[in-house]
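Biologist: Please put the model up, and then I will ask about the fold, the surface and one residue.

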Amino acid sequence: VQDSPAIPVWVLVNLFYLRLDLKLGASMVVSTAMLYYAGTLLSLPVLWVLFALGWVLQFVGHYFYEHKSPLFLQNLTHLFIGPMYIQNYLLKLYQLK
């Protein structure tokens, strides 16, 4: 794994997750580390396309299914809570929590 300015951000965000919930935070550490590693295997143009696609899908989902704007537009903390919420949902869905 190469040095990256993303590493300090990853550490801070995962410390935030661990502070909120130790077990769920630990699962976030593992999954975000795996996603970071997977990202190092992809080219930069592919990463930009995935980044843009993720944002588009998020806004489409909020517009068509929730009929309201994403909460992180009002409070930046929700930008970090969203992935943890999805992780919790998936763990419960697959009966891992």
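Biologist: In what order do the elements of the chain run from the N terminus on?

Modeller: This is a predicted model. Its secondary structure comes to four helices and zero strands. From the N terminus on, the order is therefore made of helices alone under the DSSP assignment: α-α-α-α.

Biologist: What share of the contacts with a separation of 6 or more joins residues 24 or more positions apart?

Modeller: The C-alpha trace spans about 40 × 35 × 30 Å along its principal axes. Among contacts in the chain with a separation of 6 or more, the share from residues 24 or more positions apart is 52%.

Biologist: How much of the accessible surface belongs to carbon and sulfur atoms?

Modeller: Of the 97 residues in the chain, 19% count as buried. The accessible surface comes to about 7,800 Å². The part that belongs to carbon and sulfur atoms is 72%.

Biologist: Which helix gives the largest share of the nonpolar patch?

Modeller: The patch covers about 910 Å² of surface and is made by Leu 44, Trp 48, Phe 51, Trp 55, Phe 59, Leu 73, Leu 76, Leu 79 and Phe 80. Two elements give two or more residues to it, helix H3 (44–66) and helix H4 (77–93). Five residues, the largest share, come from H3.

Biologist: Which residue has its backbone oxygen 2.7 Å from a polar atom of the Ser 27 side chain?

Modeller: The distance of 2.7 Å falls within the 3.5 Å limit for a polar contact. On the Ser 27 side, the atom is in the side chain. The backbone oxygen belongs to Leu 24.

Biologist: Which residue joins its side chain to that of Ser 27 in a polar contact of 3.1 Å?

Modeller: Leaving out residues up to four places away in sequence, Ser 27 touches Gln 87 and Leu 91. The polar contact of 3.1 Å runs from side chain to side chain. The partner of Ser 27 in that contact is Gln 87.

Methods. Residues numbered from 1 in each chain as written. Predicted model: local features only at pLDDT ≥ 70, side-chain atom pairs only at ≥ 80, totals over all residues. Heavy atoms only, no water. Patch = residues over 30% accessible without salt bridge, like charges linked within 9 Å, V, L, I, M, F, W, Y side chains within 5 Å. Areas by Shrake-Rupley, 256 points an atom, 1.4 Å probe, with all protein chains shown as cover. Salt bridge = Lys/Arg side-chain N within 4 Å of Asp/Glu carboxyl O. Polar contact = N/O pair within 3.5 Å; in protein donor to acceptor, adjacent residues only side chain to side chain. Contact = heavy atoms within 4.5 Å. Buried < 20%, exposed > 50% of the residue type's maximum accessible area, 1.4 Å probe, protein only.
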